[in-house]
Amino acid sequence: MRKFIIKRILLSILILVLSAFIIYALLRMLPTSYLETIAMNKSMQPGSKTYTEWMEQLSSTYGMDKGIIGGFFSWAANAVRGDFGDSWLWTVPVVEKFNSCIWLSFIMGVISFFFELIIAIPLGIIAATKQYSRTDYAITIIAIAGISLPTFFFASLLKLVFCVKLKWFDLGGLIGRNYDHLDSFHQFLDKAHHLVLPIIVLVVLSIGGLMRYTRTNMLEVLNSDYIRTARAKGLSEKNVIYNHAFRNTLIPIVTIVGGSLPGLFSGALITETLFSISGIGFVSYQSMKAGDIPFSMFYMVFLAVLTLAGNLIADILYAVVDPRVRIS
Amino acid sequence: MDNENNKNVQTEEYSLNDDRRVKTLSPGAMVTKRFLRNKVAVTGLIILAFMFIFSFIGGAISPYREDEVFYRTDIQSKLFASVAENTEFRFIINENGEGFSPINQAAFTLAVIEGRDSFEKGGDSFTIVDEGDEIYAIFKDGVADPVAVATYDIVSSATGNEKLPFEMQYLILKTVGSDESQFEYQGKTYKVDEEGNVQLGNDVVAYASRYSIQALMPDIFLSQQFKNELLESIENGDKDFYFTENGETAEYTIEYDAPTKSYKIKQGMDTVVFDSFSAPSKEHLLGTDRNGMDMLTRLMYGGRVSLYIGFIVVAIETVLGVIMGGISGYFGGWVDNLIMRIVDVFYCIPSMPLIIILGAAMDEMRVDPQIRMIYLMLILGFLGWPGIARMIRGLILSLREQEFMTATEATGLSVKRRIFRHLIPNVIPQLIVTMTMSLGSTILMEATLSFLGLGVKFPFASWGNIISDVNDTYVLTNYWFIWIPAGFCLLLTVLAFNLVGDGLRDAFDPRMKR
């Protein structure tokens, strides 16, 4: 077991290094005219560094003067020490800006994840146990509709109905106009009030996938021999489903859920942009649009790390939860 | 009754052992039958058919082009004239004299404020003569004619925009100031009335007024009567002003502009503008968008673009994925390992940020919109093949162990025949399902990118493109016909693809109930 984990971790590190290299190479291959234009625009703003200084910073952090491989190593040497350079757009060190907005995204991710789990899994199980009934059809269609909804359309619809027509919520932002006048408890409530719509959007869009996955797995389990044996033994249907079928369904679900835990940090780009919430998704989107190479590089490597961590966790959990995998 | 008899006769003809008694269908027919039994999937298929007809045939039928701009005439309020009251001294300088520099003007103003009647500046001394009514003539010592006249009133010609000679202006002002009623100039007698109108005979040739009324539109001449009536309206505090000339009445609005302390006279004029955001009507069934283009046509062309992009991207993905997954699954060993590591690396790289960065770079480099679409398709296709490769590899790995593959090897079929006639047809069902689902998610991805402004660009329409107008809250609230139809089209198309994919999956699955 331990050997398995260590092997996987080493493999993941190798993949991470390769992905970081590819990302770095791609960013290096952006036409120099593009980088120079950005640096030129930056240097023309009042009180900023000169053009040569911007390009120097870029060169020193990213080794633009060396070849791609040499440059990658010089960037990696800095990155491992935690120095990702200064963000061009936000003019503070990349790590500092990152710290200031990551927790908001994480909280939003956690809350929506929690709701997603308590809504999708029970509904998926109900759909499987009542296959081909009306409930099943309804739940399946809701799930597929959830996957098919474009984020921006749904968010705009919600904005139209709840913010403009009903006036229950503000159109965007994290805090209201009176934020400074409120005491800390009401400040907390104010923020929560503003997060309601974004979290609804996030939840509705993600329950679809999980619901159908649960349903498929549950169906497979329900058709298996041991469930038939349990029924033949005369156990009550409730016992059969909640004690036996459910546990076996949980195996793939737990691995998926565990695998998506790191994804909670990644932030939902579109939702945050539409609701003007300064989480990591929105901030990174602005940076990428503005051609902020240090921040973009950091964010992409960060996402790569998250994906690999998610895969690793999923594999480990799979081995933990399913004894059959451990033995093979 | 007859039919039944016929059927009975037929089945009775076959002996009980005969295979022809059992109705069998080919696999394809079987799948079709099961698919059609699934009502949800059939709904998806119908929606899909409708979308295709709407996008492709509708686009051809529509009388408008995708980027055809419509115009309408709007009444726009344009600045016509401005009226300002003079609160500073105006200096009318004698052309025949030496001129009166601004430094001297300042010294004069100071002298008037202090109540003196003479002042010195620059080595010259000047005398001030008060002509009455705050009109001052400035004489330089030793020169008979005044070197300038300072006044709050402005003398203008009533017949045109030309400047009147200094002497005439001076005489007019003197007459106004001294409350006389006439003066003589160049042998003609001019009458001056209280309002400052100067008449020669029966015609008004000039007038002096404390208000300067300027025309702000080119080629407009404001007659004296216009100015008089305008001044009256302003003094009455009217907001609207009507002026009849040559039998035509024109309407103007009067607005006070605080920063410049003047009145702005505006006239509504017919201007041709883009027919933007016009409501649904008979010509434009869904109205027009921000640039005056017909919404329904744009929807149709947008559907075309979205569907094209979806199909081409999925085609690229599938071809690449099948080849790589096939090689990896079939040959195994180090080839398999290598390709799977490559797939892992690709999975690791976040696709959305990558596309955003490339889109922003293309923005900066001002790539042509058509070429952008091609690049977009290539990039999306290239980022999508790992998923398909992984799935194909898994399928082939499990298929390879099955008995029919051992049988093909045992019968000595060539590798090519084994792969193409036996392995691949078993991969196709799952592949079709994956392709259909991929189509749905590719269309969504392209719409999201276009919404962010990084995908299909103006003037090409795409559903995401159309919805991006919604970022402006005014459009969001008032012009629902712009974005809600596009959003629904998108939703319905992706939904239909997903339903069909789901139905196909159920139809292909041998374990589902028959």
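Throughout these legends, buried means under 20% relative accessible area, exposed means over 50%, and partly exposed lies in between, using a 1.4 Å probe and protein chains only. This is a predicted model, in which local features need pLDDT of at least 70, side-chain atom pairs count only at pLDDT 80 or more, and totals for chains, interfaces and linings use all residues. Residues are numbered from 1 along each chain as its sequence is written, chains are lettered from A and ligands numbered from 1 in the order in which they are written, and side-chain values use heavy atoms, with hydrogens and water left out.

**View 1. A salt-bridge network joins A:Arg212, B:Asp502 and B:Arg505.** A salt bridge here is a side-chain nitrogen of Lys or Arg within 4 Å of a carboxyl oxygen of Asp or Glu. Let's begin with B:Arg505, which counts as partly exposed because its relative accessibility is 31%. The bridge between B:Arg505 and B:Asp502 spans 4.0 Å from N to O. Both residues belong to helix H15 of chain B, 3 residues apart, or about one turn of the helix. In general, an α-helix has 3.6 residues a turn, so residues three or four places apart point the same way. B:Asp502 also meets A:Arg212 in a salt bridge, at 2.1 Å from N to O. A:Arg212 and B:Asp502 are both buried. Helices are DSSP runs of H or I with at least four residues, strands are runs of E with at least two, and both are numbered from the N terminus.

**View 2. A:Arg8 and A:Asp315 form a salt bridge within chain A.** The closest N and O atoms of A:Arg8 and A:Asp315 are 2.0 Å apart. This pair links distant parts of the chain, since A:Arg8 sits in helix H1 and A:Asp315 in helix H13 of chain A, 307 residues apart. A:Asp315 has a relative accessible area of 27%, which means that it is partly exposed. Over all chains, the structure holds 12 salt bridges.

**View 3. Helix H8 of chain B and its cover.** This helix runs over residues 333–348, and its 16 residues should span 22 Å at 1.5 Å a residue; the end C-alpha atoms are 23 Å apart, which agrees. The expected span is 1.5 Å times one less than the number of residues. Among the buried residues of the helix are B:Ile339, B:Met340, B:Val343 and B:Phe346. Look to both chains for what covers the buried residues: the cover includes helices H1 (2–28) and H13 (293–321) of chain A, together with helices H7 (295–331) and H10 (369–400) of chain B.

**View 4. A nonpolar surface patch on chain A.** Seven names to look for here are A:Ile107, A:Val110, A:Ile111, A:Phe114, A:Phe115, A:Ile118 and A:Ile119, which make a patch of about 560 Å². Patches are made of residues with over 30% relative accessible area and no salt bridge; like charges are joined within 9 Å, and nonpolar side chains (Val, Leu, Ile, Met, Phe, Trp, Tyr) within 5 Å. Areas come from the Shrake-Rupley method with a 1.4 Å probe, and for residues only the protein chains shown count as cover. A:Ile107 lies in helix H5 (residues 94–129) of chain A. With 43% relative accessibility, A:Ile107 counts as partly exposed.

**View 5. B:Trp480 in helix H15 of chain B.** Helix H15 covers residues 480–508. B:Trp480 counts as partly exposed, at 47% relative accessibility. Beyond its neighbours within four places in sequence, B:Trp480 is in contact (heavy atoms within 4.5 Å) with B:Val475 and B:Pro485. Its C-alpha atom is separated by 9.9 Å from that of B:Leu286, 194 residues apart along the chain.

**View 6. Positive phi at A:Ser276 and B:Gln186.** Most residues other than glycine have a negative phi. A:Ser276 is not a glycine, yet its phi is positive, about 55°. This serine, A:Ser276, lies in the loop between helix H11 (269–274) and helix H12 (280–290) of chain A, and is partly exposed at 41% relative accessible area. B:Gln186, also not a glycine, has a positive phi of about 50°. B:Gln186 is found in the loop between strand S8 (182–185) and strand S9 (188–192) of chain B, and counts as exposed at 63% relative accessibility.
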